[in-house]
Amino acid sequence: MMTETGITEVGLAGLSRMLAKRQVSSVELTQEFLRRITQWNPLINAFITVDQERSLADARLADTLLASGKGSLLTGIPLAHKDIFCADGWLTTCGSKMLSNFVAPYDAHVVGLCKAAGMVLLGKTNMDEFAMGSSNETSYYGAVKNPWDIAAVPGGSSGGSAAAVAARLTPVATGTDTGGSIRQPAAMTGITGLKPTYGVVSRYGMIAFASSLDQAGPMARSAHDCALLMNVMAGHDARDSTSLQRPAEDYTRTLDQPLAGFRIGLPREFFAEGLGSEVAAAIESALAVLRGLGAKTVDISLPNSALSIPAYYVLAPAEASANLSRFDGVRYGYRAPDYVDLDDMYEKTRAQGFGDEVRRRIMIGTYVLSHGYYDAYYVKAQQVRRLIAQDFARAFDECDVILGPTTPETAFDFGSKSDDPVAMYLSDIYTIAVNLAGLPGMSVPSGFDGRGRPIGLQLIGNYFSEARLLGVAHQYQQVTDWHARVPTLVREGVSA
Amino acid sequence: MTTWEIVVGLEIHAQLATRSKIFSASSTAFGAAPNSQASAVDIALPGVLPVLNKAAVEYAIRFGLAVGADIPPRSVFARKNYFYPDLPKGYQISQMDDPIVQGGRVTIVTEQGDKQVRLTRAHLEEDAGKSLHGDYPGTTGIDLNRAGTPLLEIVSEPELRGAAEAVAYARTVHGLVTWLGICDGNMQEGSFRCDANVSVRPMGSETFGTRCEIKNLNSFRFLERAILFEAQRQIELLEDGGRVRQETRLYDADRDETRTMRSKEDAFDYRYFPDPDLLPVVVDDAWKAKIAASMPELPQAMRARWVEQYGLSAYDAGILTSNRVMAEYFEALVQVVGGTGAAKLCANWMMGELLAALNRYELPFSANPVTVDRLAQLIQRVQDGTLSGKLGKTVFDALWQNEGEVDAIIEARGLRQVSDSTALAVVLDEVLAAFPTQVADYRAGKEKMLGFLMGQAMKLSGGRANPQQLNDMLLKKLQS
């Protein structure tokens, strides 16, 4: 029998069974995670906002539902939302001073769905400011520490959610991914994260960074848990015009499908210069495991993938420069205390309310959209985007899923790239093309480097192939235990 | 001395009469308490997204079909970026490269005949909120009720020559959008407002002069005054050897002048780009056909029919079809009056009396106090001889004052035309007896004395004598 303290290692399906059988109550479960947050968050800084009373009220409600038999599969299970999602009555900062006083008056669609499923909100997780960053160092609330090594970044922008899952401060969390913001921190913290096909999860209530790229997804300890949370998060929402109208699907349905005959495409561009040797070795080992499960590998090419970073750093800042215009100090959020007139109010509010990286991207975006530059930058980048999507379309004629590293290297040390934006941007070199094409992508734990920092492999699927990606990851996780490893630092109280 | 030609192009903002806003479910009703019709989307809370109101698209298509424009299969919303406190998102959702309505033409009726005015485009966009200066000492209030109200911006080619044509065009477009039921046309409430691009050039010149844009003209009179002032300002500038600077100007109605708002150097770079929150608007032929089938008979078609069927002049038919309420009034009037020739008589009464009175009081046709039945009855009383044309006008004035039914007015005021020959003979005998000299003069060949005697007889009858009959009887008596 599982000890009470070992409950952090139980997957969502197991927790669901325990709750249903009243082996544990939602309140007890919630209290356990709140206790761990109290213990570890001062060190890890994964949460910006925790509200114990509110969480416990959710848990009591869930217990009532469970007692009356009205619960659904995830009723009573705690989760954390990235602080990019508006949650009614919760401080919703997006990691920025600009929204440091903003209490959302409504629920994002994803938040509403999790609430309706009876899940318990533990708190709002830290993130790079407005999701702009790959290390969590741009958060106004201070950087999140990687639970595997507090000298290392947790990745970003969903670094708070990633670290919270890795440190067992929550069983599962939501994240968002614009250029790799779910997959890259998942890789760096040894957890499993899925960025769905663009349009599968509603963006309503998710504070926009780059609207044509942003997509929310689950972050968890296993593919199975990601699939269960996807079942709650996905679905059409009339409030998001880019949300797709598709029949509901069960993302767990192909988890047990064997991989015999499955074709895994290996893009040569992902195994070229720039890939760290330890990461490369881990991916090779993972491929050996997958071949052992019956999968075949085929060499493919994504010839335009090198253009993905420049194209992304035109398009994402362009959209962001407009998306962030609403933060003007007029209606909500931060307003500079002293100003002489309207323009001065705007300038001071935005200069003081936004951090360096956000200001940098607003300036880039404003520049590329300016009269005389629009065709050379924005229009050209859109053309590149189409070429990248065509690369993938051709590749999927030859394979069922594409596999490669999630990141070129493992988690780097704090401060090592924060003064070099381009080096920082290169950390998303394998993930960004997926967003530009709107495809689903996953990161799956697949080893550790010599310093004990996690390595992630990336799976990229064709449109709407999330269930298949989850299946490949699940099969891999049936024969490996990388995803089940617990960081030594936070192992106290965890039966590993 | 140079003769100058005034060149005008208009950008008309017609507020679409949808119940809810273009990208949110908030009401568009006018006059509610500040910010009571501003939802999370309208105030641009973090995370909210726009959802296109299909009715606004249908209204735009209706307009496009009515002006014979191209409705492309795909049109795109774009973000127009600028900061202003009444623009909550910091960008306006509008259309730039691919508007919903492309080309088209509007026929305007001028004293010199019809003129075709080509349209450049018409595009959908959202309105901004209102900044309330002055209501709050030391600070500015923001009312976002209007933010997100759907607008159709209708852009003409610079083909209007002078203020009168510009006003005729604006009135025609106003008539058309209200005719189509896509805009309430209420100019006081800002539902229909114009920006005028004005330039001047020597008559006969092929090239355009430098233009100035005059913003936000919310009445036809202001439009006319502003163009006249602005053209005169430019002409004087050029005749004094100066140059016109391209700029945006405001019309100050109190001082009847335009003045600089911002120069071209200060013009914003709006950094348009396609709005990634909205999908392209796809319009297929079936949708267009369905909308076309639901459209009322258009003013141009109705006008042609009236010329053909009723024998009206093109000018009269043009005026009477300039507004749907008026056109429907006219058709109803012709029906009620009935009989051959009714249409021309009805047109004369409407043009001569009803429209003249409405113009005199600067009232829109919708404020017309004379019902179809009453005007029809008046026309019938003239047709059947109960009223002379002149008495008819007196009755019309009473109807305008809403004094009741036509027959009651005739009785109460004693306006019935006297056609009784015994009574008329008594009157004539009295006049002949009273003016023997004039009678003698007439008989001696001074024919103009007839008019004098008629006038005296008409006066004695209190203006009620049937003029034709009186004239005939007088001639007979004088010849006897």
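Reader: Which residue is the bridge partner of B:Arg79 in β4(B)?
Author: In this predicted model, local features need pLDDT of at least 70 and side-chain atom pairs count only at pLDDT 80 or more, while totals for chains, interfaces and linings use all residues. Residues are numbered from 1 along each chain as its sequence is written, and chains are lettered from A and ligands numbered from 1 in the order in which they are written. Strand β3 (residues 78–81) of chain B runs antiparallel to β4(B) and is joined to it by 4 bridges, where strands are DSSP runs of E with at least two residues, helices are runs of H or I with at least four, both numbered from the N terminus, and strands pair if DSSP finds at least two bridges between them. Within β4(B), the bridge partner of B:Arg79 is B:Ile93.

Reader: Which strands of chain B stand at the edges, each with a single partner strand?
Author: The open sheet of chain B consists of 3 strands in the order β4-β3-β16, with antiparallel pairing. Two of these strands have one side left without a neighbour in the sheet, because each has a single partner strand, and they are β4 (91–94) and β16 (273–274).

Reader: In the hairpin of β14(B) and β15(B), which residue takes a positive phi?
Author: Strand β14 (residues 247–252) and strand β15 (residues 257–263) of chain B pair in the antiparallel sense over 6 bridges, and B:Leu250 stands opposite B:Arg259 in β15(B). Between the strands of this hairpin there are 4 residues, and the positive phi, near 50 degrees, belongs to B:Asp256.

Reader: Is B:Ala196 buried or exposed?
Author: B:Ala196 is found in strand β12 (residues 192–202) of chain B, and it touches B:Val8, B:Leu10, B:Ala166, B:Ile214, B:Leu217, B:Leu223, B:Ala226 and B:Ile227, leaving aside residues up to four places away in sequence. Contact here means that C-beta atoms, placed from the backbone, lie within 7 Å. A residue counts as buried with 20 or more other C-beta atoms within 10 Å of its own, as exposed with 12 or fewer, and as partly exposed in between. Because 29 other C-beta atoms lie within 10 Å, B:Ala196 is buried.

Reader: What radius of gyration does chain A have?
Author: Chain A has 15 helices and 11 strands, its C-alpha trace spans about 65 × 55 × 45 Å along its principal axes, and buried residues make up 61% of its 496 residues. The globule rule, 2.2 Å times the number of residues to the power 0.38, is compared with a radius of gyration taken over C-alpha atoms. For 496 residues a compact globule would have a value near 23 Å, and the agreeing radius of gyration of chain A is 21 Å.

Reader: How many residues of chain A are in contact with chain B?
Author: The predictor gives the complex an ipTM of 0.96 and a pTM of 0.91. The contact takes 23 residues from chain B, and the number from chain A is 34.

Reader: How far apart do the C-alpha centres of domain 2 and domain 3 of chain B lie?
Author: Chain B is divided into domain 1 (4–290), domain 2 (296–413) and domain 3 (421–479), with bounds that come from an automatic or database domain assignment. The contact between domain 2 and domain 3 of chain B takes 4 residues from each, and their C-alpha centres are separated by 34 Å.

Note on methods. Contact = placed C-beta atoms within 7 Å.
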